Amino acid sequence: MHPDCERVLLSEEEISAKVEELGRQISLDYAGQELLVIGILKGAMIFLADLVRKITVPTYLDFIDVSSYGASSESSGVVRILKDLDYSIEGRHILIVEDIVDTGLTLNYLVDNLKSRDPASVKVCTLLDKPLRRVEPVAIDYNGFIIPDEFVVGYGLDYNEHYRNLPSIMVLRREVYMKGE
Ligand SMILES: O=P(O)(O)OC[C@H]1O[C@H](OP(=O)(O)OP(=O)(O)O)[C@H](O)[C@@H]1O
Ligand code: HPA
Ligand SMILES: [Mg+2]
């Protein structure tokens, strides 16, 4: 366990079993179709890399980079696109892949933004859902785990860009993020 963390919330084994289950369900639901997976940089990167290898329908990838947290554990409330998609999504079946839905501001913004580009369909898959913090409602089609209102890091999730490479998901000690705020 990392010394800045107080406990392991989800082990590597729990995460990989869930990723496999999500991949199986997505493959069943999109049978006979092509899927365009859109990863939200950077947090979703590690989940997405594992998830797409469990999907058996023809799958394409694109990435969009948005940011609302910066060097904080609280959302600024303003979502900014730092890097847009490389390709048009018109007429394609889109699956947005996120690491976590917290306030819902990031996903709400993205779903509206991507729907305005006329895709054939838009669905959302997130590994983690923290419903106690929701500010705006978000429809989630595939959800890995519902988690309590604690700041978590690892498996792609950061605090101020640290801890993304930890293999499990851990609760960050409050004193670590209170220091910077
Ligand atoms: O539901 P919300 O309150 O909007 O929070 C969730 C979003 O915040 C984090 O991203 P962040 O903006 O920190 O960028 P990152 O993915 O590069 O860490 C996380 O990866 C989600 O995209
Ligand atoms: O709990 C979290 N951890 C890391 N990044 C986040 N972005 C929103 N909530 C979180
Ligand atoms: Mg982040």
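1. Start with Leu 95. In this predicted model, Leu 95 is in contact with Ile 26, Leu 35, Val 37, Ile 38, Lys 123 and Cys 125, once its neighbours within four places in sequence are set aside. A contact here requires the C-beta atoms, placed from the backbone, to lie within 7 Å.

2. Leu 95 also belongs to the largest nonpolar core, which has 39 residues. Together with Phe 47, Ile 96, Val 97 and Val 153, Leu 95 touches the most other members of that core. Several elements supply at least two core residues each: helix H1 (12–29), E2, H2, E5, H3, E6, strand E8 (152–153) and strand E9 (169–172). Which element gives the most to this core? E5 does, with six residues.

3. Next, the sheet. Six strands make up an open sheet with mixed pairing, and their order is E4-E3-E2-E5-E6-E7. At the edges stand strand E4 (80–83) and strand E7 (142–146); each has a single partner strand, so one side of each has no neighbour in the sheet. From one strand to the next, the twist averages 30 degrees. As background, strands of a sheet pair through backbone hydrogen bonds, in either a parallel or an antiparallel way.

4. Both kinds of pairing can be followed from strand E3 (residues 59–67). E3 and E4 run antiparallel and are joined by three bridges; Ser 67 stands opposite Arg 80 in E4. E2 and E3, in contrast, run parallel and are joined by seven bridges. In that pair, Leu 41 stands opposite Asp 65 in E3.

5. Is E2 mostly covered or mostly uncovered? E2 is mostly covered, with five of its seven residues buried. One helix that lies across strand E2 (35–41) is H2 (residues 45–52), and H2 runs at about 160 degrees to E2. H2 also lies across E3, strand E5 (93–101) and strand E6 (121–129).

6. In general, an α-helix has 3.6 residues a turn, so residues three or four places apart point the same way.

7. Last, ligand 2. How many residues surround ligand 2? There are eight, and the closest are Ile 100, Asp 102, Phe 151, Val 152 and Leu 157. Sorted by class, this shell has six nonpolar and two charged residues, and no polar ones.

Technical notes: Residues are numbered from 1 along each chain as its sequence is written. Chains are lettered from A and ligands numbered from 1 in the order in which they are written. This is a predicted model: local features need pLDDT of at least 70, side-chain atom pairs count only at pLDDT 80 or more; totals for chains, interfaces and linings use all residues. Two strands pair if DSSP finds at least two bridges between them. Helices (H or I, at least four residues) and strands (E, at least two) are DSSP runs, numbered from the N terminus. Axes are lines fitted to C-alpha atoms, for helices over the stretch in contact, and angles run from 0 to 180 degrees between N-to-C directions. Two residues are in contact if their C-beta atoms, placed from the backbone, lie within 7 Å. A residue is near a molecule or strand if its C-beta atom, placed from the backbone, lies within 6 Å of it. Ala, Val, Leu, Ile, Met, Phe, Trp, Tyr, Cys and Pro count as nonpolar, Asp, Glu, Lys and Arg as charged, and the others, Gly among them, as polar. A nonpolar core is a set of buried Ala, Val, Leu, Ile, Met, Phe, Trp, Tyr and Cys residues joined through C-beta atoms within 7 Å. A residue is buried if 20 or more other C-beta atoms lie within 10 Å of its own, exposed if 12 or fewer, and partly exposed in between; C-beta atoms are placed from the backbone.
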